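I opened the file and kept notes as I went. The entries follow in the order I looked things up.

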Amino acid sequence: MPQLTDPRPQEASRDGPAREAAVPSAAAEPPAAPRRRGARAPGPSSAFRMAVVYTVLGVAWILGSDKVVSLVSSGASQTLAISLIKGILFVIVSGAAGFVLLRRAAVREQAAEDRRSRSLAAEREAAARTAELLDSIGEGFFALDRDGRFVHVNHRAEKLLRRPAADLLGRDIMEVYAEEASAALLQAYRKAMAAGVATELEGFYAPLGAWLAIRLYPSATGLSVFFSDVSERRRVEQELHRTARQLDTLLEQAPVGFAFFDTELRYVRVNRRHTAILGESPEKLIGRHVTEAFPLVPGVSTYLAEVLATGEVITRTDRVSLPSRDGATVALWVSYYPVRGADGSIVGVGVVVDDVTRERETEERLERTVALLSATLDSTEDAVVVEDLERRILVHNRRAREMWGIAEPRIAGTTMPDLRKAVFPLMRDPQAFAALSDRLAGQRDASGKDVVELKDGRIIERRSVPHRVGGVIAGRVWSYRDVTEQRKAEARLRESEGRFRLMVEGSEEVFFYRHDVDGIFQYLSPSVRAVLGYEPEELLGRHYTSLITDEASMLDVARRTARAIETGAPVAPYSATNRRRDGRLVTLEITEVPVVAGGGVVGMQGFGRDVTERRRLEGELRQAQKMEAVGRLAGGVAHDFNNILTVVTGCAHVALEQTQDPEVARLLGEIGVAADRAAGLTRQLLAFSRKQVVEPRVVDLNALLLHTDSMLRRVIGEDVTLEVVPARVPAATWADPGQVEQVLLNLAVNARDAMPHGGTLRISIARQQVGSPPEGIEPGPFAVVEVVDNGVGIPEDVLPRIFEPFFTTKEFGAGTGLGLATVYGILQQTGGWVEVESTAGTGSRFRAFFPAHAGDANLRARDLDTDSVPRGSERILVVEDEVAVRSLVRRVLERLGYHVLEAADGREGLRVLASQPVPFDLILSDVVMPGMSGPEFLEQCRVLSPRCRLALMSGYAADRLPAPVGGHQAFPFIEKPFEPAALGRIVRELLDGDAPPADPGATA
């Protein structure tokens, strides 16, 4: 008897009678012996029936016959006879009836007996078949009688119970399995036997180590027991149960929402994600209609109904507003699918919901990105074609169609072999074009590159790399670039690089270098030898800033380079002072650019140019520009001052001629002397600014130096020894003799002031060929005046400023600061320059360069002094914007007898000229006037009055005069300030036509 551990009995009541086991009844009653055919053996029941029938018939005959006899008989004899006949008839009839009844009873009994025999045989045959059937079933079976004894055990039960049937038949089940029987089993058996209720239960049978399913069927004769090994089913059920739990867990932990609706569209089950999306709890959803609990998606009930009707899956994405998110609009992806039962019928609808707002936004961004990439791909100059693993063309751009001259419909949907055949006719060597694609056809993860030539001369660079999607090779990308111009440019570049290398390596002013990201020199061109004095090998391995002398500059250069390495941008050109191998300092102009390789900066390369001389010249240029600016200021001041001096000098001379008082005459003479000294100061200013009106001619510097020797000795004093060394060859220049004397005098005075305790002053003249003069001056021969002293020298910080006007290191009142500035201006005016070398404590050397001239020297000064001033009566027009000057000129000329009219500017002068019926003989005009300049005014006068003499007068007018024509100024010129007598003589010369024509740069 199987022992059930952990039994779980299940009572199953059945509708109708319980199943009866035929085998137990057959086994309980042994079969009866067969009855002999034809024997009469009525049973007690038949005799009893016959007796009852006979008694009833007898009573009925007696009563009925007596009644009849009494009616028909008339006497006793008749009555007796009739009664006798009645008795006989009764006996006959009752005997016959009895015989018939007995006969029929015997026949019926025999038929019943036959039926019982046949039924018993049938039962025995059925019992045999049942026993055979029970032995052949896959379940274990045994039958118990009412006392619980085994009456049948099939073969499967023997195997399952591991006991033969012989050990069990006839024995009490409780006795056999007393130890293995459990309380639950005993209770189940008793219940089945006593109550007649069929019972089913399952339990673990420890001796077999298996789960058994037991079914108990009670009957009138006992109990039928069916049992089977359900261990595998229980294992499967447990696995299914575990799987169901896992599915439940997965469903709850799923990142998407799941919901299940019944056929009435009511919630049956939801997971946490679904409730989180809707913002509702499961308790509020289960059992509710979809329109109440899921109203967010428009038409959701329609979609569910459609799925129930058609069984088709519906998937949609809708934008809805979620109350749980304060009405924010989100994108929900919803999929509706049918849920089917075991028979395949639809029992509900499942819904999958996911919040795809981010994904949709990502898709939108991706779509925009794809559109941008597509536009970018179409805008690139490279032809691009993408193929899949079956070599179908997936993507191509505009440039691909243009490059191969193929319309888009012919490319889209075709294969790479088809495209290759289409472009073969364009190739110079089709086989070479096919070689790369054939080689890569069997190497999906390989890359390739080659260059093909077309028949039209184009050169195409072709590249191919694997096309990967998620790390998996999905095809191949082909790119084609037209490098025709690039190859031509590369050829030109190689040629240019060759010339460049020859130029750089052969240059003595520029060297090329390269250093790594740590600043260590890796290469220097041989020209570094000429620039810095080092062999290239000596600098390799050194830091590129190691030759910079200034620490601040070194740090600045390092910062520039570090920034360029970090950003990849070129370094703005900069300058740094470096020390040559011989210790001399040179200024290098550096131009650097990053060297990019492998996607990053690996170093720097650049040029170093020696700009020492250029910087010196730039300094000189700046100094010249500064001096030019100061000169313009000085010239402007001198111009205005000359106008004042003209009035002062003129008025003093006029007053001196009219006064008879000696004291007044003395004071007027002092005024004249002071005015002359002021005029000399303005001449120095004009000489510095190159605006002085000069009278250049050929000057022999040797003769001039000897002529001024005595004057120079008086100026420098007796404690200074003067040495004069003329040139051994002629040394002439084109200059104003007075200006040359002024140069000599100012340089001598400067040297004397540098030797307060005496010393030696040496002045020498030489002729020198100069090949590299300062900027703006043509190379050629120059006459050089050299002035050398052994005085205190000039400090280094003062040296750059010595030519500035009004700059002096002397005590207040000891000098004007115009001496060297005048020298500077005169030399610039003559087309030369001045150089100085000086060291504090050792003296100075000045060298004045005058352009050499091959003409004859003429040192005769112009003599305008005469004993008397000539007079005249001609008509003269004076045009001057300064009232005092205009009045003075008019008064002086009227005293000399001339008829004079005046005008304040050029326009007024033209009106006066046009209003006079008699033409003027001479027109004197200032140069600088408001509205219209003097030269412009005289040009119009020349047209209106061609026979009139014209002249300009000014103290500062060189930059306003017309350009010389044919070597002469366009108009004669009168320098301010002037004395009345000098003005009278000049006017007379102009009127008489004796005024000499002006040489270039000179006055008339």
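**Helix 18**

I started at Val531, which sits in helix 18, residues 528-532. The model is predicted, so I read everything below as computed. Val531 has a relative accessible area of 0%. The cut-off for buried is under 20%, so Val531 counts as buried. I then looked up its distance to Phe511. Val531 and Phe511 are 20 residues apart in sequence. In space their C-alpha atoms are 7.3 Å apart.

**Helix 25**

Next I went to Gln739. I found Gln739 in helix 25, which covers residues 737-753. Is Gln739 buried or exposed? Gln739 is buried, at a relative accessible area of 3%. I also checked Gln739 against Gln829. The two are 90 residues apart in sequence, and their C-alpha atoms are 9.9 Å apart in space.

**Cavities**

I asked how many cavities of 30 Å³ or more there are. The count is 5.

I took the largest cavity to begin with. Its space comes to about 140 Å³. Its lining has 14 residues. Which of them lie nearest the centre of the largest cavity? They are Phe521, Tyr544, Asn578, Leu588 and Ile590. I noted the strands that each supply at least two residues of this lining: strand 17 (510-516), strand 19 (571-579) and strand 20 (585-597). By class I get 12 nonpolar, 1 polar and 1 charged residues in the lining of the largest cavity.

The second largest cavity has a volume of about 110 Å³. Its lining includes Arg391, Trp404, Phe433, Ser437, Arg462, Trp478 and Tyr480. Met416, Pro417, Leu419, Arg420 and Val423 also line the second largest cavity. Helix 15 (416-423), helix 16 (430-441) and strand 16 (472-482) each give two or more residues to this lining. Which element has the largest share of the lining of the second largest cavity? I find helix 15, with 5 residues. By class, the lining of the second largest cavity has 8 nonpolar, 1 polar and 3 charged residues.

I read an open sheet of 5 strands in the order 13-12-16-15-14, with antiparallel pairing. Strand 13 and strand 14 (448-453) are the edge strands, and each pairs on one side only. On average, neighbouring strands of this sheet are turned by 20 degrees against each other, direction ignored.

Strand 12 and strand 13 run antiparallel and are joined by 3 bridges. Glu387 stands opposite Ile393 of strand 13. Helix 15 packs on the sheet and touches strand 12, strand 13 and strand 16. The direction of helix 15 makes about 145 degrees with that of strand 12.

I came back to Arg391, already listed in the lining of the second largest cavity. Where is Arg391 found? I place Arg391 in the loop between strand 12 (383-388) and strand 13 (393-396). Its phi is near 70 degrees, a positive value in a residue other than glycine. Most residues other than glycine have a negative phi.

Leu265 lies in the loop between strand 7 (257-261) and strand 8 (267-270). Leu265 is buried, with a relative accessible area of 10%.

I read an open sheet of 5 strands with parallel pairing, in the order 30-29-31-32-33.

Strand 29 (residues 875-879) pairs with strand 30 in the parallel sense, over 5 bridges. Val878 has Glu902, in strand 30, as its bridge partner.

Definitions and conventions
Residues are numbered from 1 along each chain as its sequence is written. This is a predicted model: local features need pLDDT of at least 70, side-chain atom pairs count only at pLDDT 80 or more; totals for chains, interfaces and linings use all residues. Side-chain values use heavy atoms; hydrogens and water are left out. Helices (H or I, at least four residues) and strands (E, at least two) are DSSP runs, numbered from the N terminus. Buried means under 20% relative accessible area, exposed over 50%, partly exposed in between (1.4 Å probe, protein chains only). Two strands pair if DSSP finds at least two bridges between them. On a 1 Å grid over the protein atoms alone, a cavity is a set of points where a 1.4 Å probe fits but cannot get out, and a pocket is an open set with protein on both sides within 12 Å along at least five of seven lines; lining residues have an atom within 4 Å of a point. Grid points are joined across faces, edges and corners, and a volume is the space filled by probe spheres set on the points. Ala, Val, Leu, Ile, Met, Phe, Trp, Tyr, Cys and Pro count as nonpolar, Asp, Glu, Lys and Arg as charged, and the others, Gly among them, as polar. Axes are lines fitted to C-alpha atoms, for helices over the stretch in contact, and angles run from 0 to 180 degrees between N-to-C directions. Contact means heavy atoms within 4.5 Å.
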